Amino acid sequence: MSVTIKSEQELEKMREAGRILAIVHDEMAKIIRPGISTMDINRKGEEVIRSFDCIPSFLNYNGYPASICISVNDEVVHGIPNKKRILQEGDIVSLDAGVIYQGYHSDAARTHAVGEISEDDRFLMEITKQSFFEGIKYAHAGNHLFEISKAIQDFVESNGFSVVRDLVGHGIGKKLHEEPQVPNFKPIGRGMKLRPGMTLAIEPMVNAGAYEVWVLEDDWTVVTRDSKKSAHYENTILITDGEPELFTYQEDLV
């Protein structure tokens, strides 16, 4: 398995890609409301990305036809924006986006409420976000990769939800998806030892019901098999000797 250790020059580009992506997410969040289409959100995201002279990571990636993956309610990931898909009061919507800045990627996802949502759905969103932060408590040099995975799974399951098994986080850099894969559940073994300079996209995908998913006929949209709702939260991080650095998270923007 070939895992890239980034130079300081590379990290500076990834930091900027992450800073820009945090702004993109903030701008998209501002327009989410009942009555807006998922295509409207996609247009806004792409507009902001290109305003920084960046390229959307996802557009045409393996044939994906849009710049922002927009997944509603029981859609886990990779939902395709559509002008006819109108957000309704009580929906939850996950936005997954990436930015290419001077050849380097950032990747982040957020799940948002559309108007007033149920307490159950709000709890799902909160646990999904917090599971990321529980996981990165172990994201520093000298620990093993699957310690992150175990922490995410344990936190999610202790709160009555399930983590998707068929989709995982990943390394990131010059390519959107690099080694290693970062599961949100603990496989057998400890996984590789984490080293300073590794950059990872850690992304819990959490289902209100069972963890099983399937793909719709568009060959992209992943949905829960039991039709219960799902939430998604992701940041691009840097492994250091101490606390991980979060490239795509700015507290004043979220």
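In the predicted model, His-170 stands opposite Gln-181 of strand 8, within an antiparallel pairing in which 3 bridges join strand 7 (residues 169-171) to strand 8 (residues 178-182); two strands are taken to pair if DSSP finds at least two bridges between them. Strands 7 and 8 form a hairpin, with 6 residues between them. Helices (H or I, at least four residues) and strands (E, at least two) are DSSP runs, numbered from the N terminus. The model is a prediction, in which local features need pLDDT of at least 70 and side-chain atom pairs count only at pLDDT 80 or more, whereas totals for chains, interfaces and linings use all residues. Residues are numbered from 1 along each chain as its sequence is written, and side-chain values use heavy atoms, with hydrogens and water left out.

Glu-178, a residue of strand 8, is joined through its side chain to that of Lys-6 by a polar contact of 3.3 Å, where a polar contact is a pair of N or O atoms within 3.5 Å, of which, within protein, one must be able to donate a hydrogen and the other to accept it, residues adjacent in sequence counting only if both atoms are side-chain atoms. The side chain of Lys-6 also makes a polar contact of 2.7 Å with the side chain of Thr-199. Lys-6 lies in the segment before helix 1 (8-30) and counts as buried because its relative accessibility is 7%, buried meaning under 20% relative accessible area, exposed over 50%, and partly exposed in between (1.4 Å probe, protein chains only). Beyond its neighbours within four places in sequence, the contacts of Lys-6 include Leu-11, Met-14, Ile-172 and Gly-197, contact meaning heavy atoms within 4.5 Å.

Strand 5 (residues 104-113) is largely enclosed by the rest of the structure, because 9 of its 10 residues are buried.

Helix 3 (residues 119-135) and helix 4 (residues 145-158) pack at an angle of about 145°, with their axes 8 Å apart; axes are lines fitted to C-alpha atoms, for helices over the stretch in contact, and angles run from 0 to 180 degrees between N-to-C directions. Among the residues that make the contact are Ile-127 and Glu-134 of helix 3 and Ile-148 and Phe-155 of helix 4.
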